[in-house]
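Me: I am new to this one and would like to understand the words used for it. Could you show me the structure and take my questions in turn?

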There are 2 protein chains.
Amino acid sequence: MTLKPVGKDDLPALSKSRLRLWLKLLKASSLLEEHVRRHLREEFQTTLPRFDVMSALSRSPEGLKMSQISDKLRVSNGNVTGIVDRLTEEGLALRVAVPGDRRAALVVLTPKGQAAFAEQAAAHESWINGLLDRLDADDVEGMNRRLDYLNDTLEERD
Amino acid sequence: MTLKPVGKDDLPALSKSRLRLWLKLLKASSLLEEHVRRHLREEFQTTLPRFDVMSALSRSPEGLKMSQISDKLRVSNGNVTGIVDRLTEEGLALRVAVPGDRRAALVVLTPKGQAAFAEQAAAHESWINGLLDRLDADDVEGMNRRLDYLNDTLEERD
């Protein structure tokens, strides 16, 4: 459908078109997420919440409190405590006491955890690159620019 | 960042740019979903899975089997049985026996359910229209066109 609003008078059509944009965005992110979940499971026997926790930790080498990990998760709260417990048992993360704050602990990735996540992150980038390979640089750039604008306006509403 | 790939040689930059596209898509749909969930809760004391079930039923006046409802859900599987039970208790949906198939039942919205959903759907469109009001017709059209292309390519991968 070609949308040609006449001045400000065609608001109903624009409103429908914005509604379709939301449904298409949701579809695109759901489809991509489904692919990523499947690849993580099949190639690394891991889950998206666990990948997200490791990703947050890898971006904060100084360590994160449990509450900070939850705040940074992209998709799902998952069960952060359970995930950190498993990562610790497997030698991929460590809980480090904070001097002067008996109840706080920082979680950090171990070198083994950093190496494991680096491998998963590289694979993740290559899956996405493959899934989006029919979008050329102009397509990607055009979408990124519009999504930045959209995300900026949505964050201002919070 | 301006992306100016030199022929096919700039694949690493394009790959990073595609990765950013995925993260931005996820962010946009998460932000929008969060707004929609909050509005549904505050204005209609309802949830997104319940809204989605009613939406699926409203698009199928001939009725849907439970398994068909699950298949059509956009976001979350939620607990379709529990949701349909509640809708039925509240007089918003009905289970109808299928002649000749003792175990099957079709779920349909009652007229009261149709009216309740029509009100929620109109409000939903107006929230989205408000949230996206800084995207003009060209922005929306440009994104819809690219998202259609993206979704088509992603569906072909399944």
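Reply: Gladly! Buried residues make up 26% of the 158 residues in chain A. This is a predicted model, in which local features need pLDDT of at least 70 and side-chain atom pairs count only at pLDDT 80 or more, while totals for chains, interfaces and linings use all residues. Residues are numbered from 1 along each chain as its sequence is written, and chains are lettered from A and ligands numbered from 1 in the order in which they are written.

Me: What makes a residue buried?

Reply: Count the other C-beta atoms within 10 Å of its own, with C-beta atoms placed from the backbone: 20 or more means buried, 12 or fewer exposed, and in between partly exposed.

Me: Which helices and strands does chain A have?

Reply: Chain A has six helices and two strands, in the order α-α-α-α-β-β-α-α along the sequence. Helices (H or I, at least four residues) and strands (E, at least two) are DSSP runs, numbered from the N terminus.

Me: Why are α2(B) and α4(B) called roughly perpendicular?

Reply: Helix α2 (residues 48-58) of chain B and helix α4 (residues 80-89) of chain B pack at an angle of about 75°, with their axes 10 Å apart. Axes are lines fitted to C-alpha atoms, for helices over the stretch in contact, and angles run from 0 to 180 degrees between N-to-C directions. Angles under 35 degrees count as roughly parallel, over 145 as roughly antiparallel, 65 to 115 as roughly perpendicular and the rest as oblique. α2(B) and α4(B) are therefore roughly perpendicular.

Me: How do you know that the copies meet through the same surface?

Reply: 100% of the interface residues of chain A are also interface residues in chain B, so the surface is the same. The contact takes 43 residues from each of chain A and chain B, where two residues are in contact if their C-beta atoms, placed from the backbone, lie within 7 Å. On the side of chain A, α1(A) gives the most, with 17 residues.

Me: Why speak of a two-fold axis?

Reply: A rotation of 180° with 0.0 Å of shift along its axis superposes chain A on chain B (RMSD 0.0 Å), and that is the relation of a two-fold axis. The copies are superposed by least squares on the C-alpha atoms of residues with pLDDT of at least 70 in both.
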